[in-house]
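Biologist: I would like to learn how to read a model like this one, feature by feature. Could you take me through it?

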Amino acid sequence: MKPRLLNYLCLPLALGLSQCASYHAAPLPAAPDLRAGVSGLRTRLPDGTALDVSGPLSPQTLAKLAVLNDPDLVAARAQRGISEANLLAAGTPPDPSITGGFAALLSGPGSMPALTGAFTQDLGALITGPADRAAARAGLKQTNEDILWQEWQVAAKAEQLAVTLAGDRETLASLRQDDALLSRINSETQTQISAGNLTSNEGVTALSALASVQSSENTTAQAAQQDEVALDALLGLQPHTPVAIAAPAIVAPSPAAVQAALASLAQRRPDLLALRYGYEQADQKLRAAILSQFLPLSLGGAGGRDTSNVWSFGPQFTLTLPLFNRNRPAIKAAEASRAALRAQYQSALDNAAGAAAALPAQIALLQSELRTAQTQAAQARAMADSAQSLYQAGQLAGPVFANLAAVAGERQRSAIALRAQLQTAELSLATLLGFGLTQPLTEHPAS
């Protein structure tokens, strides 16, 4: 019977060992994974639909492409596996322990070696298990909300870069048009000066206007290139990969929608939800720390055979008595963590609501300034067009026409810049209020 009993004891051990994990190498990548064109990007959404990237891309399409392809987001999503592992650990009881001993008979009345053995199971998981699992679930939810908020931020950055780039390119086109016009006027003015029809002082106006436009042209070209590189990096493209951008069409939320969104901000914004789950996790860890005052607690059985062939077996347990330590350091640390997270959540909620509430007034001011700038630009362009007709008819000096053309160009570019500022503010308000990307564009497993 005893060999058969030994076989029964060894069978669970063999089965357990057969389920152990094995090691598999995962070498690091040897080269960058940047795409050479928009067509090489990931375009399929979780619902199975594919984004159309065949033509100029709207800011909204660029936002979705950035969420699907941003290398930093790919790395952030890998962090979810750590939270999933923590949840698995919290829901899995600890493995039992087996101890054994052998004592050879050296002298005395005994007739055989002594054998000892014990089987114990830690029961601490039964006490702290519910709190540990609740904390791990909250941690996984926090990770998912953190990733979703990072997706929102990437989407917003892509939209803002699209707006900025569209403004850069429109401004650059205006500057190049003025550069060509003022270069021609300046050349003709220099010819008139050489012929003695104009003085050198009169030629300074055309030359100064041309120099100012060319300086702005260089600055804008550099800014546009930097914005293009930033957008390429966000999309996972090689630097200086051309991306066609459609004219941005941004719709500002209505005042009623803003007020409704502010009222439900804490229930919708992923960063605030992440902080709430972080607080919940800290609260559950505090519960577990309080319950751990009596741990470790283990129960099992121990037995063996002495040197006179007497077999014995009986229960065995260990229990920590909460007389001195009582897990007080861990409890105090958990209480402090929970209090800190509560203050952090309140601060984040106040800042989010304050920033979102302040933007509508800024948007209203920008809208008013844009209307004024567009009116002034239209008036200046009409004057420049009239002056061009007089200049071509020989009824207006080149320096005067150059000055009017330069003013018209500056007014036009001022309106372009204000429009880009307004669209950026509207996008910022939508992000702060949680509009737009309300669902994750990548698979988020159930928490």
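Biologist: How does the distance between the end C-alpha atoms of helix H10 agree with the span its residues should have?

Modeller: First, a word on the ground rules. This is a predicted model, in which local features need pLDDT of at least 70, side-chain atom pairs count only at pLDDT 80 or more, and totals for chains, interfaces and linings use all residues. Residues are numbered from 1 along each chain as its sequence is written, and side-chain values use heavy atoms, with hydrogens and water left out. Helices (H or I, at least four residues) and strands (E, at least two) are DSSP runs, numbered from the N terminus. The expected span of a helix is 1.5 Å times one less than its number of residues. H10 covers residues 328–392, so its 65 residues should span 96 Å, and the end C-alpha atoms are 91 Å apart, which agrees.

Biologist: Which residue with a positive phi follows H10?

Modeller: That is Gly-394, with phi near 80°.

Biologist: And which residues other than glycine have a positive phi?

Modeller: The general idea comes first: most residues other than glycine have a negative phi. Here, Arg-326 has a positive phi near 50°, and Asn-327 has one of about 60°. Arg-326 sits in the loop between E4 and H10, and Asn-327 is placed in that loop between E4 and H10 too.

Biologist: Is Arg-326 buried or exposed, or something in between?

Modeller: Buried means under 20% relative accessible area, exposed over 50%, and partly exposed in between (1.4 Å probe, protein chains only). Arg-326 counts as partly exposed because its relative accessibility is 32%.

Biologist: Let's turn to the sheet. In what order do its strands run?

Modeller: Two strands pair if DSSP finds at least two bridges between them. In this model, an open sheet of 4 strands has the order E1-E2-E3-E4, with antiparallel pairing. Strands E1 (97–103) and E4 (311–319) are at the edges, and each has a single partner strand, so one side of each is left without a neighbour in the sheet. On average, neighbouring strands of this sheet are turned by 15° against each other, direction ignored; the axes behind such angles are lines fitted to C-alpha atoms, for helices over the stretch in contact, and angles run from 0 to 180 degrees between N-to-C directions.

Biologist: How many bridges join each pair of strands?

Modeller: E1 and strand E2 (residues 114–122) are joined by 7 bridges, and Ala-103 has Ala-114 in E2 as its bridge partner. Between E2 and E3 there are 8 bridges, with Phe-119 partnered by Gly-301 in E3. Strand E3 (residues 297–305) pairs with E4 over 9 bridges, where Gly-304 stands opposite Ser-312.

Biologist: What about the loop between E1 and E2?

Modeller: Ser-107 is found there, and it counts as exposed because its relative accessibility is 63%. Ser-107 lies 34 residues from Leu-73 in sequence, with 71 Å between their C-alpha atoms.

Biologist: How many aromatic pairs does the structure hold?

Modeller: Rings of Phe, Tyr and Trp (its six-membered ring) pair if their centres lie within 6.5 Å; planes under 30 degrees apart count as stacked, over 60 as edge-to-face and the rest as tilted. The structure holds 2 such pairs. In one of them, the ring centres of Trp-149 and Trp-152 are 5.8 Å apart and the planes meet at 45°, so the pair is tilted. Both residues, Trp-149 and Trp-152, are buried.

Biologist: Where do Trp-149 and Trp-152 lie along their helix?

Modeller: An α-helix has 3.6 residues a turn, so residues three or four places apart point the same way. Trp-149 and Trp-152 are 3 residues apart in helix H5 (residues 124–194), which means they are separated by about one helical turn.

Biologist: Which residues does Asp-178 touch?

Modeller: Contact means heavy atoms within 4.5 Å. Asp-178, also placed in H5, is in contact with Ser-183, Val-213, Ala-405, Gly-409 and Arg-413, leaving aside neighbours within four places in sequence. Asp-178 counts as buried because its relative accessibility is 4%.

Biologist: And what lies 2.8 Å from the side chain of Asn-69?

Modeller: A polar contact is a pair of N or O atoms within 3.5 Å; within protein, one must be able to donate a hydrogen and the other to accept it, and residues adjacent in sequence count only if both atoms are side-chain atoms. Here, the backbone nitrogen of Arg-42 lies 2.8 Å from a polar atom of the Asn-69 side chain. Asn-69 belongs to helix H2 (residues 59–69).
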